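Subject: Structure handover

Hello,

Here is the structure for your files. My notes on what was found in it follow below.

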Amino acid sequence: MVNPINKTIELGDGRVITIETGKLAKQADGAVTVRMGNTMLLATVVAAKDAGPGVDFMPLQVEYKEKFSAYGRFPGGFTRREGKASDYEILTSRLVDRVLRPLFPDNYHAEVYVNIILFSADGEDMPDALAGLAASAALAVSDIPFNGPISEVRVARLDGKYIINPTFAELEKADIDIMVGATMDNIMMVEGEMSEVQESEMLDAIKVAHEAIKIQCQVQLELSAAAGKLEKRTYNHEVNDEELRKGVREKTYDKVYAIAVSGSAKHERSDAFEKILEEYKASFTEEELAEKGEMIGRYYHDVEKEAMRRAILDEGKRLDGRKTTEIRPIWAEVDFVPGPHGSAVFTRGETQSLTTVTLGTKSDEKIVDDVLVHGKERFLLHYNFPPFSTGEAKASRGVGRREIGHGNLAHRALKRMIPDDYPYVIRVISDILESNGSSSMATVCAGTLALMDAGVQVKKPVSGIAMGLISENKGQNFAVLSDILGDEDHLGDMDFKVTGTRDGITATQMDIKVDGLSYEILEKALAQAKEGRMHILGKIVETLPEPRADLKPHAPRIETLTIGKEYIGAIIGPGGKIIQGIQEKTGAIISIEEIDGVGRVEVAGTNKATIDAALRSIRAIVAVPEVGEVYEGKISSIMPYGAFVEFMPGKDGLLHISEIDWKRLEAVEQAGLKEGDIIQVKLVEVDPKTGKFKLSRRVLFPKPEGYEERPPRAERPDRGERSDRGGDRGDRGGYRGGNRDGNRDSYHDNRRR
């Protein structure tokens, strides 16, 4: 018998979130469905009964997956089934993972798998804002040890008003878009993008999000109590030897502390730490190391952490000798490699990014075909982190979750600074060549320089910085660190990345590893981050004060043209004949689409002459023929009564035999004309009823002396028109047209004369 338990959360604007357990996936350790409107997620959690041999970390795996059937769609590809995770799914998984991971007990090392599946969606509400709540609720109804609950919400600011979990449509108009994860008491994670907002505005958004999260956490506590899961399973995943722990500290701490305050370089410091450990291990036999080696390594890691933290809190000395607010030395260079359309090297301390920019046409757009998000992306940023950047001897294994997450942060930092309606598709590639702290922020700085080097007229340059935190006694004693090292990230309490222009923040990502982070600390960290950002921004502007005035000589050139949508078919032509012909003739690449009721034509080429030739052909198609104008046209066919001349692309007119020359002709060929000839003609009449065109060639020649115009012929009944001609090409996707009523009558009348 099914006895589900339900809890509801009021969002305050009429929307309701429902959490239900006890009906689905009951063999999992914990399972819930979370529903808001027609958006529904199933979250499950399963943990191994014990830890694997030698595991001394938290082996957590979070998977977020969207079913195409949730939105009534078929997946693409030959198999027509869901495949590997999309970037969006990976980013959502990371958002949940980063909040959950720090809240498992330090000594809990069993494998934990969290699966979140989107089973229903309406295309309005954003399911990723519910994923963290679903995962935490599944843990809440399980017996897995977890220091939660947590929840996540998205907060957006629209017209000055903060909205919790906005819709897709609302988010498009927002100037703040951040995801916040927190417990009842503490902020754990922040990530998002902004339109150059001030630090105080970002803090206000975080506070609004936290108030909503507190309500959701309380409901989970009630759910856990109703499910009878307040008591968690017992476990013993670590074997400890307190006497050994004490011995490790006594024998190594002073040596480690001396290195921590020495200000040495990364590899020198790492080798020195390793030497101390090896010297200590040398006092043990092989049998003793086989039994106690894992514990020694764990206790020595704690010594390193304590020494680094004490050096900062007690003496204000960091591992590389800097002050807490000091930025590492910076050097940068642009136009570093000749092949790409823009490039830059940005080096800050022992972190280095070589970033390139490639400019492309509409055909280079990225096609996004996710379950709820499908469209095209014109600004791409890819981040690569090869093992050699940290001196590791191992092979690269493709793009991992870390690369996708870091690249996404840099993308969000820069994308709002790309000019509006920029005609080029842009791909930024950041290759990290050295890494010791905040390579994603180096990517933002190098990306700004490379874009400016490419001649992209960015609205403003963007810089980024990573902040750290060392704290104790629940934040009563703390130090905020600017431009953190890799070790300060690993051994510290916070990784807080902030990017922005001189006028405000554009993106942020914050992960907190301790309880008790107050808004006072956050405010200080943001203020200190701004000082650092301005310093780094100054170095960027010193390297390249403003975007280059023009593109590189080998970059593609693109011009855009707006036309009436009724001309789109005329430019394309039947089966693409017209547009393909223009491309073949000029060498340009042409793309055309309808946007908001108008046609947008994009013409790309390697030089100005190519683009101008294509634009002339397109403008000729969309131009309105004017009576009295002289045109250069091509004879497309010859009839007994005259010739049809394509005087504008897609537009044919009749050059009657009587209008070829002032003298009377028995046949068109008498004037030396043949199909394919290029001749000049004048448009002398447009039939008001049919829109057909009457051309004349003879009016371009001097009229012979004594020439007398014959009287006009009598009107004769209309015999119709040939079925294979007539009309403006634009009416039927590019077919020809002409004024041919009574043509045969004119010919025979001419003969009788």
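In which loop is the place of Lys362? Lys362 sits in the loop between β13 (351-360) and β14 (366-369); strands here are DSSP runs of E with at least two residues, helices are runs of H or I with at least four, and both are numbered from the N terminus.

Before the rest, some ground rules. This is a predicted model, in which local features need pLDDT of at least 70 and side-chain atom pairs count only at pLDDT 80 or more, while totals for chains, interfaces and linings use all residues. Residues are numbered from 1 along each chain as its sequence is written, and side-chain values use heavy atoms, with hydrogens and water left out.

Back to Lys362. Its relative accessible area is 12%, so Lys362 counts as buried (buried is under 20%, exposed over 50%, partly exposed in between, with a 1.4 Å probe and protein chains only). Neighbours within four places in sequence aside, Lys362 is in contact (heavy atoms within 4.5 Å) with Lys376, Arg378, Val425, Ser591, Glu593 and Glu602.

Leu95 belongs to helix α1 (residues 87-100) and is also buried, at 9% relative accessible area. Not counting residues up to four places away in sequence, Leu95 touches Glu152, Met179, Met189 and Glu191.

On cysteines: the structure has zero disulfides, a disulfide being a pair of cysteine sulfur atoms within 2.5 Å. Cys217 is buried at 0% relative accessibility, and Cys445 is buried at 0% as well.

Now the whole chain. The protein chain has 15 helices and 29 strands. Its radius of gyration is 36 Å, well over the 27 Å that the globule rule gives for 753 residues, so the chain is more spread out than a compact globule. That radius is taken over C-alpha atoms, and the rule is 2.2 Å times the number of residues to the power 0.38. Along the principal axes, the C-alpha atoms fill a box of roughly 125 × 65 × 50 Å.

Of the 753 residues, 52% count as buried. Among contacts in the chain with a separation of 6 or more, 71% come from residues 24 or more positions apart.

Regards
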